[in-house]
Amino acid sequence: MSNETPELSQHELEAQRREKLRLLIEKGINPYPNVYEVSHNTAQVKANEEAWITDGEAGPEAQRISLAGRMMTRRIMGKAAFFNLQDSEGVLQVYISRDDLPEGYYNDIFKKLIDLGDIVGVKGFLFRTRTGELTLHAEEFTLLTKVIRPLPVAKEAEEDGKKVTYSAFSDKELRYRQRYVDLVVNTHVREVFRKRSKMIGVMRGFMADRGYLEVETPILQPIYGGASARPFVTHHNALDMELYLRVANELYLKRLIVGGFDGVFEFAKDFRNEGMSRFHNPEFTQVELYVAYKDYNWMMDFVEEMLGKVALELHGSTKVTVGNHEIDFGKGWRRVTMLDAIEEATGHNLFGLEVPELRKIAASLKVGTDDTMGVGKIIDEIFGEYVEPKLIQPTFITDYPIEMSPLAKKHRSKEGLVERFELICNGKEVCNAFTELNDPIDQRNRLEEQARLRAGGDDEAMTVDEDFLRALEYGMPPTVGLGIGIDRLAMIMTNQESIRDVLFFPHMRPE
């Protein structure tokens, strides 16, 4: 139970807590001390309970445990009380008695001025209650943070023989806006972010163990490039110049390959000034990897092995449940060319067709196009409508039309195509890779074609980066590059429906 009246408004409850704060200070209690010595967390306590448990009485030799966390529930029973203390690792029941505290503290402070959600420290010993619940008998109690805003603690009631939950913090938009509250009251959300962190750690270790160097490249760039996207624009006052938040880190990583590194990777925040959806956030994380003397065939094997390891480390199996599907990241993923996949789905062979013919086919398939779209954009629209959403198991889509891939090397045996693959899984692109274009003449021609598309109205087309072209003129060895969308991969690996569920602080409209 709480000592607050639940019928009070939020404003009244906050006023009530501010008054309690004033009374605590008046009584000489610091409601915000600087430090507290914590010896263990709840997970460590539970892991050692057999060694530390007592019979309810503890002498000097008993293991003393100091915990800190939030008081989430409380049951006051006369001269004693039980409450649940929640820390970063879990919850443990705490028993506290009037006789264990300084005179007057239990009745005047603990019962009247301490509220649910307050952050407290307790020190004591372990025992089991008559019902067998592991409990910490608190010999010391310290208020560490007086909380002004009451937490939205869910309440359960029984109606018509069924349990009904009230006041749960379940509104999606509110949870995203106030993630700090979400993490406190919906503790299962923490596990999503722990898995995300572990996923990144496994990938980082996988690449580092193979000798590839983790690097950092500029976020503020004088020329944006490396992807077809609209940038965010800013201004540097001291230099009086326009800068862009990077849309990709590709061109800088390739400069490092020119400089003599055989393998570099970067976990990068990238920014694209585009629409938002459950698969898109304007600020997102990706890892890009570039390896010299390898091609896209090698990279497909590399990705298959790395993501199989991620699934195994996170789930103990290469099979991952995502929605209603079981996705298997074990080896043997299907590989199919983009145009073959479109022909399988639509019956149309698009190879070698020009814009007028492609527009007619798109219209017959009820796929919308506009006058700014070239060959690549129209093919991509058809693929996105008829193929991509149906690819649930990990599938490598390979050999894209050259118009779609201005930074990829021409296919060694298929005219008009490039050596590129995308990994599609659960109906969405997860990664993109090329055998990288290292011919500076060809690269200039492709970027100039992108500039023409941009002049024609395609505001996602790339710009000409003269310094990057200069770097290629100094010579880049045969190289393969890879970009993996960390947020989308995290959605799959943690079984989340929206990208916002794997971002601590997703972008939202103003309140």
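1. Strand 1 (residues 65–77) and strand 4 run antiparallel and are joined by six bridges, and within this pairing S66 stands opposite K123 of strand 4. Two strands are taken as paired if DSSP finds at least two bridges between them, while strands (E, at least two residues) and helices (H or I, at least four) are DSSP runs numbered from the N terminus. This is a predicted model, in which local features need pLDDT of at least 70 and side-chain atom pairs count only at pLDDT 80 or more, whereas totals for chains, interfaces and linings use all residues. Residues are numbered from 1 along each chain as its sequence is written, and side-chain values use heavy atoms, with hydrogens and water left out.

2. The structure holds 17 aromatic pairs, where rings of Phe, Tyr and Trp (its six-membered ring) pair if their centres lie within 6.5 Å, and planes under 30 degrees apart count as stacked, over 60 as edge-to-face and the rest as tilted. One of them is the edge-to-face pair of F83 and F141, at 6.2 Å centre to centre with 90° between the planes. Because F83 lies in strand 2 (residues 80–87) and F141 in strand 5 (residues 134–145), this pair ties together parts that are 58 residues apart in sequence. Both F83 and F141 are buried, that is, under 20% relative accessible area, as against exposed at over 50% and partly exposed in between (1.4 Å probe, protein chains only). F83 and F141 also belong to one aromatic cluster with Y105, Y106 and F110.

3. R74 lies over the face of F110, at 5.0 Å from the ring centre, and R210 lies over the face of F206, at 3.5 Å from the ring centre. A charge is counted as sitting over a ring if NZ of Lys or CZ of Arg is within 6 Å of the ring centre and within 35 degrees of the ring normal.

4. A search of the whole structure finds 41 salt bridges, each being a side-chain nitrogen of Lys or Arg within 4 Å of a carboxyl oxygen of Asp or Glu. Among them, R128 and E50 meet at 3.9 Å, N to O; this pair links distant parts of the chain, with R128 in strand 4 and E50 in helix 3 (residues 49–52), 78 residues apart. R128 is partly exposed, with a relative accessible area of 36%, whereas E50 is exposed, at 64%.

5. Helix 15 (residues 486–494) has nine of its nine residues buried, so it is largely enclosed by the rest of the structure. Just after helix 15, N495 takes a positive phi of about 60°.

6. Strand 14 (residues 319–322) and strand 15 (residues 325–328) pair in the antiparallel sense over four bridges, with K319 standing opposite D328 of strand 15. The two strands form a hairpin with two residues between them, and G323 in the turn has a positive phi of about 60°.
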